[in-house]
Amino acid sequence: MTSLSALALTACASLAPYGAQRGTGGQGYSEQRIESNRYRVSYNGVGAAGRVADWALVRAADVTTEQGYDWFEITQSWTDGRPGGAGGVTPSVSVGGSTGRYGGYSASGVGVGLGLNFSGPQPTSTTLEIVLGRGPKPDRPNAYDARSVQGSIPR
């Protein structure tokens, strides 16, 4: 495989730049208004589950400021896909054994197997249900200042 084709395969299986989701099942963000100050925000990506979660927070912050609010609170969250979403080589080990008799002989055996995942990065998504608020951010662990989130998580 040439280095150019390896680079092309890597590019196809990596997280797309931050942006809106283009089509069903594509990478990017989407949101749904539930009530006047309540939204469901999702970010779908391939590979970096932590990065997908970060960008879901950024989108929640963007929705908050776009709607004229100051802070948001996460009331529910969901993460789909494999935790970590790293793909590549993921080892698993199994051990088995057996004994048997044949005629006057007896034998024992032990086997060890190693499984590797070469399927590459896995799709993952983070969905946040958020409530928007104005004024000072409440002192609760799931409440975030929208502008602080926008300034601290790179896109």
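These legends describe close-up views of a predicted model.

View 1. Five strands form an open sheet in the order 1-2-6-3-7, and their pairing is antiparallel. Strand 1 and strand 7 are the edge strands, each pairing on one side only. From one strand to the next, the twist averages 30°.

**View 2. The pairing of strand 3 with strand 6.** Strand 3 (71-80) and strand 6 (123-133) run antiparallel to each other and pair over 9 bridges. Ile-74 stands opposite Ile-130 of strand 6.

**View 3. The length of helix 2.** Helix 2 covers residues 49-66, 18 residues in total. At 1.5 Å a residue, helix 2 should span 26 Å, and the 25 Å between its end C-alpha atoms agrees with that. Just after helix 2 comes Gly-68, with a positive phi of about 85°.

**View 4. Helix 2 across the sheet strands.** Helix 2 lies across strand 1, strand 2, strand 3, strand 6 and strand 7. Against strand 6, helix 2 runs at about 25°.

**View 5. The buried residues of helix 2.** Ala-49 and Val-52 are among the buried residues of helix 2. Also buried is the run Trp-55, Ala-56, Leu-57, Val-58, Arg-59, Ala-60, Ala-61, Asp-62, Val-63 and Thr-64. The buried residues of helix 2 pack against strand 1 (28-35), strand 2 (38-46), strand 3 (71-80), strand 6 (123-133) and strand 7 (143-145). They also pack against helix 3 (146-152).

Definitions and conventions. Residues numbered from 1 in each chain as written. Predicted model: local features only at pLDDT ≥ 70, side-chain atom pairs only at ≥ 80, totals over all residues. Heavy atoms only, no water. Helix = DSSP H or I, 4+ residues; strand = E, 2+ residues; numbered from the N terminus. Expected span 1.5 Å × (residues − 1). Buried < 20%, exposed > 50% of the residue type's maximum accessible area, 1.4 Å probe, protein only. Contact = heavy atoms within 4.5 Å. Pairing = 2+ DSSP bridges. Axes fitted to C-alpha atoms, helices over the stretch in contact; angles between N-to-C directions.
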